[in-house]
Amino acid sequence: MEKYVNYITILPEAIVSLFAFVLMLVDAYTGGRKRKLYAWISLGGLVAAGASIGWIAVLLSTNASMAPVSTYMGMLTTDPFRLAFSTIALVVSALTVLASMAWLDEDSLPAGEFHTLLMFATVGMLLMASAGDLVMIFLGLEILSIATYVLAGYRRRDLRSNEAGLKYYILGSFATAFLLYGMALTYGATRSTSLEGIRLAITSGKVEWTWLLLVGGAMMLVGLCFKISAAPFHVWTPDVYEGAPSVVTGWMSTGPKAAAFAAFLKIYIAVFAVGAPILGLAGATQTALAIIAVTTMVVGNVVAMVQDNIKRMLAYSSIAHAGYALVGVIANDWHSVAFYLLCYGVMNIGAFAVVAAIGRRYDRETMLDDYRGLGWESRGLSIAFAVFMFSLAGFPMTAGFMGKFLVFKSAWEKGLSMLVIFAVLNSAISVYYYLRPIVLMYFSAAPDSDRRRSVLGAAAVAALAISVAGVFYLGMMPDAVLKFFALSAK
Amino acid sequence: MTFENTILTLVMFVPLLGAILVALYGRSEDGNSDGIKKLAIGVTVVTFVLSLPLAILFDAKSAGYQFIARAGWIDAAGLKVDYHVGIDGLSLWLVLLTTLIMPIALLASYSAITKRIREYLVLMLILETGMIGVFCALDMFLFYVFWEVMLIPMYLIIGVWGGERRIYASIKFVLYTMIGSLLMLVAIIALYLMHGKATGFYTFDIPLITQSIAAGMLMIPLDTQLWLFGAFAIAFLIKVPLFPFHTWLPDAHVEAPTAGSVILASVLLKMGTYGLMRFNVPMFYEASISLAPIICVFAVFGIVYGALVAMVQPDIKKLVAYSSVSHLGFCVLGIFSLTSMGMQGALYQMLAHGLSTGALFLIIGMIYERRHTRQISEFGGLATPMPQFSTLFMITTFASIGLPLLCGFVGEILVLIGTFTSTTLEGAKWFAAVAATAMVWGAVYMLWMFQRVVMGDVTNPENAKLPDLNLREKVVLVPLVVLMIVMGVYPVFFTKRSQPALDAAIQKSSPVPPQKAQAPARMP
């Protein structure tokens, strides 16, 4: 609609990219020795991008028309949806930067490359949040994924990390191919790659090859379900999450997952949820997704119960949480999904930051047994970890409860009562395994051998403090965030 | 900011404030912890004193909520939650029971808890805030928050300071409660949305929703009512616990430290019956009528079953735990007799059980501290070395059995008469008749236990030189025993304050012609 290039709407992505390039140069010219500096540069970039998001929010809310602003020939859409998911991406990445500093030093890994990769991945997430076109979604996803493959295998000398990187790369490429093929078929059926164009084509009944749309839709669904690690496309998750460095796992399970949900929601709203009479597309998708959601929750929660490795346990928990968020997707209420993912991001990054601190160099101590009696040794860490576990389990006053509550409420409002009851029973089951670390930390005696105390560093302490505060803030005073997400609903 | 609308908030949050103080106070290690113990006990005593005006200033003629405080909490994205607290005749005495039991429980664990004392006290104080909050919350969301948050300290208290099988018991306790309460959460959401759709007014407000239902502004079809009733009832009946959901209780009771058992028996179980009286009966009256016979079958079965199982327990603590199953069955029966008298009896029985069973657990704790065993066979003839102890034990035993002029009698007789005269409950007379036998069963297992522990000659030489009660133990037990007698002799003091609220709970929900029904007083 604009005749000129609207620089404001691309500002967040531009800022983060710019900082990433500066970071690469600084890294090259300082020979990788100013490790703290790189972290501060990337934090600065993320904060600046956050400020630009705030500015856009102000512009949007003072804009009289309040219509979603579509720029770059419909490639980018600036609406509350974008602002919400961009915020999640920035928060998650910023917390990861803070949590990663001590870990990178402990493992003596190059810091510059890590932060650069993280920044580019963030650009990918931001693009996925703002995409108004299948092509942009794919572009964002690829920028994100390629950086993520490298990050998962970031411990070059660690076999498990290598395995994680490689596995994620191969399976991820395969899933991306599905997604891309699905997009191509959808384009063939609707003659448009723009989400708005696809939606219009479906509602006005201009789809000539409806079966092509169905096949395309199904293939996109497969690709997206892989990215959000929904069952039965979740098999890669435990291995990759276990092998990747803990801080990276924390980030992977929250940031890229939130971005994948953003893409999922966009495609769902444009293609699947349209109430057009095309072979019952909407109904069929809803049923399929309901089955996927229930399977995801059950697989995640049941298998998590028998894990002995905390990272695998949290990986299955992450699968289960994808199932809860899917309930919100099916209810077609992106506000609650976005809020849920923000809550999940804060608590899960916090949990993995603790896992990283306790696991120490090369994540050697990640078995549940390593947590025995820790509650009375590393008090601060244990209390933080207990808070995250209670939040993941969904106890009131924590972010996890508020997120679930909103998702379940909107699902119930849409008449998905059986799905809600399934989800609720699942979260009752999940309490069992979230309590296991607490049982070990507080109810069991510490082993006789002396343990070295974990070294955290100020930045990681800050990350944990912010996460704990965030868990309580989102759980007790969600007003501000919810109002920000619902900018247009005023 | 008047006294009336701040006092309840103070009572609720002074313990939490105390918890923060205890957490920060001094740097004493486990060996020297008198300071924080005294501080914590002081906080609970202050809370108790603060709660006394509630009873004194309570308007006994009013059926409505008093000492109301209200403020907005969350208001975004179609979610409207208020901080809304207040008490009526139903919750008044339960709040006072809580504030009374807490200092006693802390004093009782003065010497029994030897490790991680600071954490223990902090959790106890948080628990007190949670428990008072449950009884005072007038917003379903707030109620749910307190209901769940209270689980965490209790879980940790059982798990860290409990007996040998504490891990099993604590996890069972949490899982059982969680499954029930999450279904209640779904029902809360459903009720919220239903009320919003019917009246255009989205709220979690308990009085408002109850009024809308009573005034016919929110008509819930019977089959929906049955679902909602079921979701609430499962949460509450697990907590009560009604047979067959009772299996977590003996485990939790036996493994918990003395103070934990006391609080569990005196207050936590009452939350279940309180919830039934606050939500199920007034909100889903038609469903209550149609499901009452089934629940009463389980209640009566539980009364007899609990008594029979209690009879054969070799462990005193387990015996008392099963007696709770039996006594709480009485409460459920009284509630679902759906008569004002039955409800009054249920409430009275809740209070009486809180006092007498709480005291029994304290007594068990006292002899456990002396002998480190709870097996009945290890004791015998305690009356000789411990006469004062045995006297108080005897009064408590009689109160628990329901001897006239002691607290247990009033509740049981009201429940029985209420059930017997109930017109809504099918087969009411049969229920009453079977339940009445429990008075005999109760006498059998309690007196037999008392006889084997206290009467006769000292058979075990280890018991011969046990010291009698010390001053702290007397301070712990005597107030409870005095209250048992007061409640038995002068019940009107208590019942007249709760009667209007209980009458209203039944009347509000009975089908009223629309023109007579009062419109909700206030639509905020």
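**View 1. Cysteines without disulfides.** In this predicted model, the count of disulfides over all chains is zero. A disulfide is a covalent bond between the sulfur atoms of two cysteines. The sulfur of B:Cys331 has its closest cysteine sulfur in B:Cys407, 12 Å away, so this pair is too far apart for a bond. B:Cys331 is buried, at 0% relative accessible area. In chain A, A:Cys225 is buried, also with a relative accessible area of 0%.

**View 2. The interface of chain B and chain A.** Contacts join 39 residues of chain B to 33 residues of chain A. About 3300 Å² is buried between the two chains. Carbon and sulfur atoms give 82% of that area. On the chain B side, the most area is lost by B:Tyr155, B:Val186 and B:Ile189. Together these residues make up 15% of what that side buries.

**View 3. A salt bridge between the chains.** One salt bridge is found across the interface of chain B and chain A. The side chains of B:Glu119 and A:Arg379 form a salt bridge, with N to O at 2.5 Å. Five residue pairs are in polar contact between chain B and chain A.

**View 4. Elements of chain B that touch chain A.** Four elements of chain B each supply at least two residues to this side: strand 1 (66-76), helix 5 (140-149), helix 6 (151-161) and helix 7 (166-199). Helix 7 gives the most, with 17 residues. By class, the side of chain B that touches chain A holds 30 nonpolar, three polar and six charged residues.

How values were computed
Residues are numbered from 1 along each chain as its sequence is written. Chains are lettered from A and ligands numbered from 1 in the order in which they are written. This is a predicted model: local features need pLDDT of at least 70, side-chain atom pairs count only at pLDDT 80 or more; totals for chains, interfaces and linings use all residues. Side-chain values use heavy atoms; hydrogens and water are left out. Contact means heavy atoms within 4.5 Å. Buried area is the accessible area (1.4 Å probe) that two parts lose on being put together, summed over both. A salt bridge is a side-chain nitrogen of Lys or Arg within 4 Å of a carboxyl oxygen of Asp or Glu. A polar contact is a pair of N or O atoms within 3.5 Å; within protein, one must be able to donate a hydrogen and the other to accept it, and residues adjacent in sequence count only if both atoms are side-chain atoms. Ala, Val, Leu, Ile, Met, Phe, Trp, Tyr, Cys and Pro count as nonpolar, Asp, Glu, Lys and Arg as charged, and the others, Gly among them, as polar. A disulfide is a pair of cysteine sulfur atoms within 2.5 Å. Buried means under 20% relative accessible area, exposed over 50%, partly exposed in between (1.4 Å probe, protein chains only).
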